[in-house]
There are 2 protein chains.
Amino acid sequence: MTATEQNLQVRLAKRTVGLPEDDTWRIAENPIPTPGPGEMLVANRYLSIDPAMRGWINEGRSYVEPVAIDAVMRAGAVGEVIASNNDHFPIGTHVSGLFGVQQFALSDGKGVVPVDPNLAPLPYYLATLGMPGMTAYFGLLDVGEAKAGETVVVSAAAGAVGQVVGQVAKIQGCRVVGIAGGPEKCGWVRDELGFDACIDYRNEDVRAGLKEHCPDGIHVYFDNVGGDILDLALSKLALRARVVLCGAISQYNNMQAMRGPANYMSLLVNRARMEGFVVFDYAKRYGEAAREMGEWMAQGKLQTRIDEQQGVASFPETFRKLFRGENFGKLVIRV
Amino acid sequence: MTATEQNLQVRLAKRTVGLPEDDTWRIAENPIPTPGPGEMLVANRYLSIDPAMRGWINEGRSYVEPVAIDAVMRAGAVGEVIASNNDHFPIGTHVSGLFGVQQFALSDGKGVVPVDPNLAPLPYYLATLGMPGMTAYFGLLDVGEAKAGETVVVSAAAGAVGQVVGQVAKIQGCRVVGIAGGPEKCGWVRDELGFDACIDYRNEDVRAGLKEHCPDGIHVYFDNVGGDILDLALSKLALRARVVLCGAISQYNNMQAMRGPANYMSLLVNRARMEGFVVFDYAKRYGEAAREMGEWMAQGKLQTRIDEQQGVASFPETFRKLFRGENFGKLVIRV
């Protein structure tokens, strides 16, 4: 860090409908800030690119405040403390937190957790050992109540959450069917991650695939996408099935009104439930999940695939890649 | 019963899309049958007219078999045993069962329960003390888990199920807001049944009404109607709300594809769930519910309103009344 170095940032220029174009954002360069009392300066190493971020730039009530116009875009990140007036986080500590789409972030330490780069590569703390992993773990086991012998279907199966859902479900003794876009992703979750089957929604008939691979119906459907695939899954539910609502990436950039699942009355016929959750509610149990998943990782039962893009300035295009389904694994930006 | 007396029946002539016109049905006269070994002959007194019957005449998998073409239309009924070779049901016994839309039914006693006309008027056994009452009781308390102090909203509030849902919720100490069509029904559930409020969906803005009457949001929404009203209720959910799917009368005669609830992602934001159930699954606990509701009736806390139409031949038009929302109370046909 020299006196002339600047802090490259991505700020929200305006709200938008549809897929955010370049003019949704403003690339800014500002002086690197100096930590005040109790504060620290974090040099971001990896930024997390997640579907939920689309909701954060909409106006209106949700589970978190919207990002304000002209504010630095909110993002999870891992980085290293390079200046500190905070005793809990001395210089050299690696940390994870909502540090935003920028090279350097000031933090007072609230919501920040230390991470150990010797235990796992840094981006893993944005993936299996971060929010996507926690989301998969609690969504599948707590909300979905997946049990051995049941059939679990997960959409966006090669994505950050989906890959963990499927592997944890296999560890629990479930039959696991993924849905993903393209033969490469499908091959990977089947051959590398051990899913029982994977349906390529870009090239195969999803209805026929569900029929073939879920002969006893679907006991847990973990939905990351919404839209047509949610409807098809609803039409194949087993008795007392659980539909876990994790996201609806197919709908986030919808120019029309949001589309609801036309087959929702399958919940009635099958005495099934559809339930949403927000992973932050499980914060007190993150440690428990991280310990268990860390063990599975050490035993080679739980793999993580990262899709790494380069540089803060790549954010606008990287963000669009996510909604076009072009990422293969957990999408991050290396700062 | 004389030798020349016939059995007037309504049989299913064809499957149909939309509101079933007269030609969906065939009015038939057949000889009154004679009970074989173990059988009895029931003279129907009251037929139950329920929204679920619309689903029974559709083809395809559901929670019960569809009514076959040319078969007597399935219906719940209460009647009196007038000839019997079944020791469990001697002549003079009053009984409830799926006796169909006809004057006389043969039965082997399976699924038949005796009822006591001295404890409650016969049609009550098709209402509060029958399937609608059981549906309300288990849907509200078991699926919806309504607790004192919570806000319960129920649609079709003056209908067979809705009226019981609201009254049982009041008994539990909930704040109860009904939704019904017209000032007469709304006035009744408010003034006679003690609901805290009722929104007249024909003449009022349901969104504004929910906002006014549910200042803390909706904790339990008991849905009998689907469509727009389900969507509006979803947009007002409280944290950890429960949406109980009981029916979707607004959609049963839909000529287009079924419409799903566009606001379903409110389940995610609010960590809420939407759950279906089928009352038959609670058969073993009917006695428990009937005892408790019988006590409430004896204490004057639980009223029943019956809408009585006349004669088996009125079935086609009476059935349409139900879907036009023209019934006021539990709809029955007096045979």
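At 31% relative accessibility, A:Ala156 counts as partly exposed, because that class lies between buried (under 20% relative accessible area) and exposed (over 50%), with a 1.4 Å probe and protein chains only. The phi of A:Ala156 is positive, about 50 degrees, although the residue is not a glycine. A:Ala156 sits in the loop between strand E8 (151-155) and helix H3 (160-171) of chain A. Helices (H or I, at least four residues) and strands (E, at least two) are DSSP runs, numbered from the N terminus.

This is a predicted model, in which local features need pLDDT of at least 70, side-chain atom pairs count only at pLDDT 80 or more, and totals for chains, interfaces and linings use all residues. Residues are numbered from 1 along each chain as its sequence is written, chains are lettered from A and ligands numbered from 1 in the order in which they are written, and side-chain values use heavy atoms, with hydrogens and water left out.

Confidence comes next. pLDDT is the predictor's confidence in each residue, from 0 to 100. Chain A has a mean pLDDT of 93. In chain A, 96% of the residues reach 70 or more. Where pLDDT is low, the predicted coordinates should not be read in detail. For the complex, the predictor gives an ipTM of 0.85 and a pTM of 0.89.

Now take chain A as a whole. Its secondary structure comes to 9 helices and 15 strands. The radius of gyration of chain A is 20 Å, close to the 20 Å that the globule rule gives for 335 residues, so the chain is as compact as a globular protein of that length. That radius is taken over C-alpha atoms, and the globule rule is 2.2 Å times the number of residues to the power 0.38. Along the principal axes, the C-alpha atoms of chain A fill a box of roughly 65 × 45 × 35 Å.

Buried residues make up 58% of the 335 residues in chain A. Contact means heavy atoms within 4.5 Å. Among contacts in chain A with a separation of 6 or more, 66% join residues 24 or more positions apart. The accessible surface of chain A comes to about 13800 Å². Carbon and sulfur atoms hold 49% of that surface. Accessible areas come from the Shrake-Rupley method with a 1.4 Å probe; for residues, only the protein chains shown count as cover. Chain A carries 33 positive and 38 negative charges, and their mean positions are 5 Å apart. Lys and Arg count as positive, Asp and Glu as negative; His and the chain ends are not counted. Each charge is placed at NZ of Lys, CZ of Arg, CG of Asp or CD of Glu.

A:Arg271 is not a glycine, yet its phi is positive, about 50 degrees. A:Arg271 lies in the loop between helix H7 (266-269) and strand E13 (273-276) of chain A. At 15% relative accessibility, A:Arg271 counts as buried.

A:Thr93 occupies the loop between strand E4 (77-84) and strand E5 (94-97) of chain A. A:Thr93 is buried, with a relative accessible area of 16%. Beyond its neighbours within four places in sequence, A:Thr93 is in contact with A:Gly79, A:Glu80, A:Val81 and A:Pro114. A:Val113 is 20 residues from A:Thr93 along the chain, with 9.9 Å between their C-alpha atoms.

Strand E10 (residues 197-200) of chain A holds A:Ala197. This residue is buried, with a relative accessible area of 3%. Not counting residues up to four places away, A:Ala197 touches A:Val176, A:Val177, A:Gly178, A:Arg190 and A:His213.

A:Lys321 belongs to helix H9 (residues 315-323) of chain A.

Turn to chain B. Helix H2 (residues 131-143) is mostly covered, with 10 of its 13 residues buried. Among them are B:Met134, B:Tyr137, B:Phe138 and B:Leu140. B:Glu145 follows H2(B), and its phi is positive, near 50 degrees.

B:Gly111 lies in the loop between strand E6 (104-107) and strand E7 (113-114) of chain B. At 69% relative accessibility, B:Gly111 counts as exposed. B:Gly111 touches B:Ser96 and B:Gly97, residues up to four places away in sequence being left out. From B:Gly111 to B:Leu302 the distance is 26 Å, C-alpha to C-alpha, and the two are 191 residues apart in sequence.
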